[in-house]
Amino acid sequence: MKNRTSRRGFVKQSTLIAGGLAAMPLASKASFFNSDADDAIKVALVGCGGRGTGAAMQAMLSKQNVKLVAMADVFKDRLDKCYARLTDDDLSDSAGIAGNIKDKIAVPEENKFVGFDGYLKAIPLADVIILTTPPGFRPLHFEEAVKQGKHIFMEKPVATDPAGIKRVLDNAQIAKQKKLNVVVGLQRHYQNSYRELYKKYKDGLIGEFVSAQCWWNNDGVWMNERQAGQTEMEYQLRNWYYFNWICGDHIVEQHIHNIDVINWFKGGYPVKAQGMGGREVRKGKQYGEIFDHHYVEFQYADGSIMNSQCRHIKGTMSKVDEQIVGTKGTIFCGDMNIRDRKGNVTYQFAKEKENNPYQTEHDELFAAIAKGQYKFDDTENGAKSTMTSILGRLATYSGQVVEFDKALNSGLSLQPTRYAWDADMPLKPDANGLYPVAVPGETKFFS
Ligand SMILES: NC(=O)c1ccc[n+]([C@@H]2O[C@H](COP(=O)([O-])OP(=O)(O)OC[C@H]3O[C@@H](n4cnc5c(N)ncnc54)[C@H](O)[C@@H]3O)[C@@H](O)[C@H]2O)c1
């Protein structure tokens with residue numbers, strides 16, 4: 001028999017704790033499945049772009065009784081486009097499934113919030129918050145969702161600067177105390193091949209960790225040209241990939257996936273990094289301040305090394321992958337296999353057993369919430385892997401050896417003093433429309 005109060009009790013418990021009341025016991029494990037509409041797990045989406053649309057779909061497809069009840073975005077056109085996709089008659093093209101999820105999209109006009117404060121209005125309406133804006137806003141939005149006692153799915157990266165990482169780590173402690181499930185979109189942790197390779201690693205198949213390589217090399221990403229009449233804030237938001245306060249550079253925004261895999265298998269985070277990078281082809285004013293290539297040598301406490309490279313240059317070798325070298329063999333993540341020191345395959349993951357990790361993230365998160373379980377606590381790793389990527393950026397921009405703890409505790413913030421359309425942006429273009437770009441050897445962050 002269904003127990004309607006148990007699951008609601010679990011979801012509401014977070015709100016009660018947020019209001020300062022004592023923690024209640026978690027709901028019983030077998031309490032809740034396939035509830036009726038009144039008991040649906042309510043979801044709010046903050047950041048209605050490409051990933052937000054995908055994550056909302058995956059949440060709705062998670063087999064639990066889930067409804068999207070609120071949406072927030074700074075731009076109305078982005079919110080409207082997302083809503084149109086979510087209420088499409090046929091999701092074959094966008095989600096690869098025949099049929100639709102229209103009956104799960106319950107967002108009346110008054111629950112669509114446009115503007116910088118939209119998150120403040122959307123979060124109270126839901127049990128679970130999906131945070132999928134560009135990463136510069138994540139610390140602020142995460143803090144509010146935790147304050148309000150919500151379960152959270154948030155995309156990587158979880159910040160763009162050390163001050164943001166500190167804020168996320170501080171709130172991670174509160175989320176833990178409140179027993180809020182938090183899944184971070186580092187989806188390789190939810191991918192069958194990686195999970196199996198990790199098990200084999202823990203079983204000792206490659207022996208001791210010696211070193212690792214990882215890559216995110218490809219052609220690059222989208223770019224949006226400046227439009228007449230845009231304030232500097234609006235331009236930077238529309239073209240967010242190219243500004244560090246909101247994106248973090250591609251070493252943070254994309255390459256974090258690979259860096260995080262190495263941290264995961266290593267079971268820790270580097271203590272320092274040094275590297276090199278620059279802009280060979282990304283020279284125009286439309287490309288803000290980010291580099292187009294980075295090569296970083298990260299060093300762990302025991303002296304072992306992770307070599308990381310990421311590049312956005314058309315016509316060069318493409319490779320997105322990770323490789324972990326041990327005393328007895330090597331893990332090749334892309335090939336989903338392990339080889340001994342002579343090159344013989346000692347383990348091969350069966351490719352037909354691969355899953356869609358983006359869907360699994362939501363399947364597992366919503367199943368836990370539906371059962372009243374506190375199961376996911378991804379925040380600290382998400383924050384420290386993001387910090388590792390930021391460390392890499394600080395190393396390539398400065399050309400110096402940068403220590404993890406020193407950088408983390410530096411207080412360095414890239415954020416504007418306020419989020420508003422007329423905000424005085426920390427990074428401004430010169431008379432030719434060009435932005436200042438880091439120069440290794442000259443750029444300094446802290447002594
Ligand atoms: N895990 C993955 O493989 C994966 C894949 C793609 C993107 N992502 C991550 O998802 C996030 C979003 O990326 P995207 O590709 O969807 O970008 P996007 O530009 O398509 O979407 C971002 C949306 O957030 C909105 N937004 C910006 N600032 C906001 C604010 N303050 N409040 C509310 N809305 C705001 C934008 O208007 C836009 O609609 C990034 O952190 C990105 O790294 C992860």
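Where in the chain is the place of Glu442? In this predicted model, Glu442 is placed in the segment after α14, the helix that spans residues 404-408. With a relative accessibility of 61%, Glu442 counts as exposed, because the cut-off for that class is over 50%. Although Glu442 and Gly399 are 43 residues apart along the chain, their C-alpha atoms are separated by 8.5 Å.

The ligand sits in the largest pocket, and the elements that give two or more residues to the shell around it are α2, residues 50-60, and α6, residues 138-147. In total, 25 residues surround the ligand, and the closest of them are Arg51, Asp73, Arg138, Glu253 and Tyr358. Sorted by class, this shell is made up of nine nonpolar, nine polar and seven charged residues.

Several polar contacts between protein and ligand can be described individually. Arg138, which is listed with the closest residues, has a polar side-chain atom 2.8 Å from an oxygen atom of the ligand. In the case of Gly185, a polar backbone atom lies 3.1 Å from a nitrogen atom of the ligand. For His257, an N or O atom in the side chain is found 3.4 Å from an oxygen atom of the ligand. The ligand on its own has 850 Å² of accessible area, of which the protein covers 89%.

Helix α6, which contributes to the shell around the ligand, is largely enclosed by the rest of the structure, because eight of its 10 residues are buried.

Thr132 counts as buried because its relative accessibility is 9%, which falls under the 20% cut-off. A polar atom of the Thr132 side chain lies 2.7 Å from the backbone oxygen of Gly47.

Most residues other than glycine have a negative phi, and most peptide bonds are trans. Lys156 and Pro157, by contrast, are joined by a cis peptide bond with an omega of about -25°. Pro157 is placed in the loop between β5, residues 151-154, and α7, residues 162-177.

Positive phi values occur at Asp249 and Met336, neither of which is a glycine. Asp249 has a phi of about 80° and lies in the loop between α9, residues 232-238, and α10, residues 250-253. With a relative accessible area of 0%, Asp249 is buried. Met336 has a phi of about 60° and is found in the loop between β12, residues 329-332, and β13, residues 337-340. At 13% relative accessibility, Met336 likewise counts as buried, because this value is under 20%.

Notes
Residues numbered from 1 in each chain as written. Predicted model: local features only at pLDDT ≥ 70, side-chain atom pairs only at ≥ 80, totals over all residues. Heavy atoms only, no water. Near = heavy atom within 4 Å. Polar contact = N/O pair within 3.5 Å; in protein donor to acceptor, adjacent residues only side chain to side chain. Areas by Shrake-Rupley, 256 points an atom, 1.4 Å probe, with all protein chains shown as cover. 1 Å grid on protein atoms, 1.4 Å probe; cavity = no way out; pocket = protein on both sides within 12 Å on 5 of 7 lines; lining within 4 Å. Sits in = over half its atoms within 2 Å of the grid points. Helix = DSSP H or I, 4+ residues; strand = E, 2+ residues; numbered from the N terminus. Nonpolar A, V, L, I, M, F, W, Y, C, P; charged D, E, K, R; others polar. Buried < 20%, exposed > 50% of the residue type's maximum accessible area, 1.4 Å probe, protein only.
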